[in-house]
Amino acid sequence: MIALGVVALDRFTKRLVAKDISLHDSIPVIKRVFYITHIENRGAAFGLFNDSPAPWKIALLVVFSIVALVIVSALLWRSSRVMTPTAVGLSLILGGALGNLWDRVLNGRVVDFLLVYIGSYEWPAFNVADSAIVVGAGLLVYEILFVKAAEKKAASS
């Protein structure tokens, strides 16, 4: 359900931005900090390989996404559908990967629209799917570093 919620929210927000904001136009939310900006990314996360003219780029990104989806789905299946930080993290990653894969397969590009500035630094534009993947990965790191480490320490005591 978490993954489906991420996909639904991602599809809704991308469609809204693509429909209501012209490509490269911006709406300031917090001036000099946060903008809604319509950007189309033909590369990987955070615009990596966006300018690459390689004809195989989209196919490689689709294959990589499918492999990641299979691995995450298998890990989720093994987690016995128990609501742990690991299961939530994997579900967020699954939903985010599906959301971006959907765009890539249908359009050959991903709509990014969240643009953040920290001082003079511009963070690469991202979207709901990217956010879900990062939060999901953060939950997995938290689980590994703190929860599993604490369990291991308690078991050895």
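Start with Thr37, which sits in strand β2 (residues 34-41); helices (H or I, at least four residues) and strands (E, at least two) are DSSP runs, numbered from the N terminus. Before going on, some ground rules: this is a predicted model, where local features need pLDDT of at least 70 and side-chain atom pairs count only at pLDDT 80 or more, while totals for chains, interfaces and linings use all residues. Residues are numbered from 1 along each chain as its sequence is written, and side-chain values use heavy atoms, leaving out hydrogens and water.

Is Thr37 buried or exposed? Its relative accessibility is 5%, so Thr37 counts as buried (under 20% relative accessible area; exposed is over 50%, partly exposed in between, with a 1.4 Å probe and protein chains only). Now show its surroundings: leaving aside residues up to four places away in sequence, Thr37 touches His24, Asp25, Ser26, Asp112, Phe113 and Leu115 (contact means heavy atoms within 4.5 Å). Zoom in on Ser26, whose side chain makes a polar contact of 2.4 Å with that of Thr37. That term covers a pair of N or O atoms within 3.5 Å; within protein, one must be able to donate a hydrogen and the other to accept it, and residues adjacent in sequence count only if both atoms are side-chain atoms.

Next, select the sheet. Its 4 strands form an open sheet, ordered β1-β2-β3-β4, with antiparallel pairing (two strands pair if DSSP finds at least two bridges between them). β1 (26-30) and β4 (121-122) are at the edges with a single partner strand each, so one side of each has no neighbour in the sheet.

Follow the pairs across. β2 and β3 are joined by 6 bridges, and Glu40 stands opposite Val111 in β3. Between β3 and β4 there are 2 bridges; look for Ile118 opposite Tyr121 in β4 and Tyr117 opposite Glu122. In the hairpin of these two strands, with 2 residues between them, click Gly119: its phi is positive, near 65°.

Last stop: helix α4 (residues 128-156). It has 29 residues and reaches 41 Å from first C-alpha to last, close to the 42 Å expected (1.5 Å times one less than its number of residues). At its start, a side-chain oxygen of Asn127 comes to within 3.0 Å of the backbone nitrogen of Ala129. Among the buried residues of α4 are Val128, Ala132 and Gly136, and their cover includes α1 (2-20), α3 (85-107) and β3 (110-118).
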